[in-house]
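Here is a friendly walk through one protein model. Have a look at the fold, and then we will turn to two residues.

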Amino acid sequence: MAHHPELTWSQRSSATDESRNVVYCTINLRDVDMDTLKYDLTSTGLSFKASAGSDPDHTKEWSLDLEFNEEIVPEKSVTNFNSRSLAFKLQKKNLKSEYWPRLTKTKNNFVKTDFERWVDEDEQDGAPVEDDFDMEGMGGMGGMGGMPGMGGMPGMGGMGGMPGMGGMPGMGGMPGMGGMGDMDLEKMMAGLKGNEPGPSAQGDEDSSEDEGPPPLEDVEPTKNA
């Protein structure tokens, strides 16, 4: 028995601009066997049938048959298939500002709203439209710089200026370690020779009395009786 794949959709509408008068549909189905794929896009509907599954011994049959709410123009519509989905950008035939009330004439439980693309009708004027419909990876997956078709990962534009890592090229210096110029060199050398205590990690005022037990007091030796 054939199963219905999930289909998500969204739309834009315009009474004057054809490029903003479109429907986006995506059949979410992984590991489609392209040799079994059959689909038919007409002005009034979409039919689809294919086998899919990562294990050849356990593939399933999938199909759907939709009648659109209104007509589209197949010749001006765009398709894009990859290993995760079959995507369609459908050109609406009638130019008008009102949205379609639903994708199909009758309600289907497997048809869902594409919330990533959906924009309310009264807020669509400033919303972008995917003119080129580059659907490989669903328009690119942001956050993985260096891979084709993917946006850069924010905050990874080189390694310049990491605080607290002085001495490495391209990285900022460690705060509070601006060289040894502020120290009294003579006092430091004297401390190393044992003439006087050197500077402590907390500064001269704390050079401290907790560095060890006090010296033993001299005790008068006792005489033998």
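The protein contains one helix and eight strands, where helices (H or I, at least four residues) and strands (E, at least two) are DSSP runs numbered from the N terminus. Along the sequence the order reads β-β-β-β-β-β-β-β-α. This is a predicted model, in which local features need pLDDT of at least 70, side-chain atom pairs count only at pLDDT 80 or more, and totals for chains, interfaces and linings use all residues. Residues are numbered from 1 along each chain as its sequence is written, and side-chain values use heavy atoms, with hydrogens and water left out.

Of the 225 residues in the protein, 28% are buried (under 20% relative accessible area; exposed is over 50%, partly exposed in between; 1.4 Å probe, protein chains only). Among contacts (heavy atoms within 4.5 Å) between residues at least 6 apart in sequence, 54% join residues at least 24 apart.

Two residues can be set side by side:

| Residue | Place | Relative accessibility |

Leaving out residues up to four places away in sequence, Ser63 touches Ala2, His3, His4, Pro5, Phe48 and Lys49.
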